[in-house]
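Here is a friendly briefing to read alongside the model. Please have the viewer open as you go through the points below.

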Amino acid sequence: MDIKSLTDVMMNPVRQRIIQYLMLHEKGTVGEIQKELSDVPVASLYRHMKKLYDAGCIQVIEEKSVRGATEKTYSLVQNPLQKEPDIQDISALIYTSLLSLQASFLRYFASEDADPQRDMMALQTSTLLLTDEEYMELLQQIGTAIAKNIDNKPTEGRKMRRLTFVSSPNEEG
């Protein structure tokens, strides 16, 4: 699978949540994942799992018979590309991800229900002067803040929110 196809599969919010589950728990059955993603209908969850499996993002690591059915345990595939990404792969990944993000914004703003203030939409760009060590510390702080919330369960008042961080060198420097 090429990087563009892989990115297209992985940019779906439900599939991102499945991947996050498997990153945190290392493995899981559809039933276990469904308990965490209780807002996702079971039939939809199976479709998303199939897409991830067909794309080579997840693998079956165990199968057992449970009440006459086969229960599969899944884990992430360590390198779905089967090779180290080169500069063209990384460029395609970023470009495709940005296009997917743009498409989600276009769908949002085309909706009659779009209300950026209500939905607390934000865009922020900061140019920082950081050593590599300071930058790594900042990334760890961001990761820690996200980790505190990544296991949140669907409850009344919780909305799915997508955070996208893009780091790039300052071409004007």
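Let us start with one methionine: setting aside neighbours within four places in sequence, Met49 is in contact with Ile18, Val30, Ile33, Ile58 and Tyr74, where contact means heavy atoms within 4.5 Å. Please keep in mind that this is a predicted model, in which local features need pLDDT of at least 70 and side-chain atom pairs count only at pLDDT 80 or more, while totals for chains, interfaces and linings use all residues. Residues are numbered from 1 along each chain as its sequence is written, and side-chain values use heavy atoms, with hydrogens and water left out.

**The nonpolar core**

- Met49 also belongs to the largest nonpolar core, which has 19 residues; Ile18, Ile33, Leu45 and Met49 touch the most other members.
- At least two residues of this core come from each of α1 (3-10), α2 (13-25), α3 (30-36), α4 (42-54) and β3 (69-76).
- A nonpolar core here is a set of buried Ala, Val, Leu, Ile, Met, Phe, Trp, Tyr and Cys residues joined through side-chain atoms within 4.5 Å; buried means under 20% relative accessible area, exposed over 50%, and partly exposed in between (1.4 Å probe, protein chains only).
- Helices (H or I, at least four residues) and strands (E, at least two) are DSSP runs, numbered from the N terminus.
- As background, nonpolar side chains tend to be buried together in soluble globular proteins.

**Salt bridges**

- The structure holds six salt bridges, each defined as a side-chain nitrogen of Lys or Arg within 4 Å of a carboxyl oxygen of Asp or Glu.
- One of them joins the side chains of Arg17 and Asp39, at 2.9 Å from N to O.
- Arg17 sits in helix α2 and Asp39 in the loop between α3 and α4, so this pair ties together parts that are 22 residues apart in sequence.
- Arg17 is buried, at 18% relative accessible area, whereas Asp39 is partly exposed at 41%.
- Another salt bridge links Asp54 and Lys50 (2.7 Å, N to O); the two residues are four apart in helix α4, which means about one helical turn separates them.
- Arg118 pairs with Asp113, with 3.3 Å between the closest N and O atoms, and Arg118 is partly exposed at 37% relative accessibility.
- Through shared partners, salt bridges join Asp113, Arg118 and Asp119 into one network.

**The second largest pocket**

- This pocket has 17 lining residues, and Val30, Tyr46, Thr70, Glu71 and Lys72 lie nearest its centre.
- α3, α4, β2 (58-66) and β3 each supply at least two residues of the lining.
- The lining is made up of nine nonpolar, four polar and four charged residues; Ala, Val, Leu, Ile, Met, Phe, Trp, Tyr, Cys and Pro count as nonpolar, Asp, Glu, Lys and Arg as charged, and the others, Gly among them, as polar.
- On a 1 Å grid over the protein atoms alone, a pocket is an open set of points where a 1.4 Å probe fits, with protein on both sides within 12 Å along at least five of seven lines; lining residues have an atom within 4 Å of a point.

**Backbone points to check**

- Glu26 is not a glycine, yet has a positive phi of about 70°; Glu26 lies in the loop between α2 and β1 (28-29) and is exposed at 62% relative accessibility.
- Met120, also not a glycine, has a positive phi of about 55°; Met120 lies in the loop between α5 (87-110) and α6 (132-147) and is exposed at 57%.
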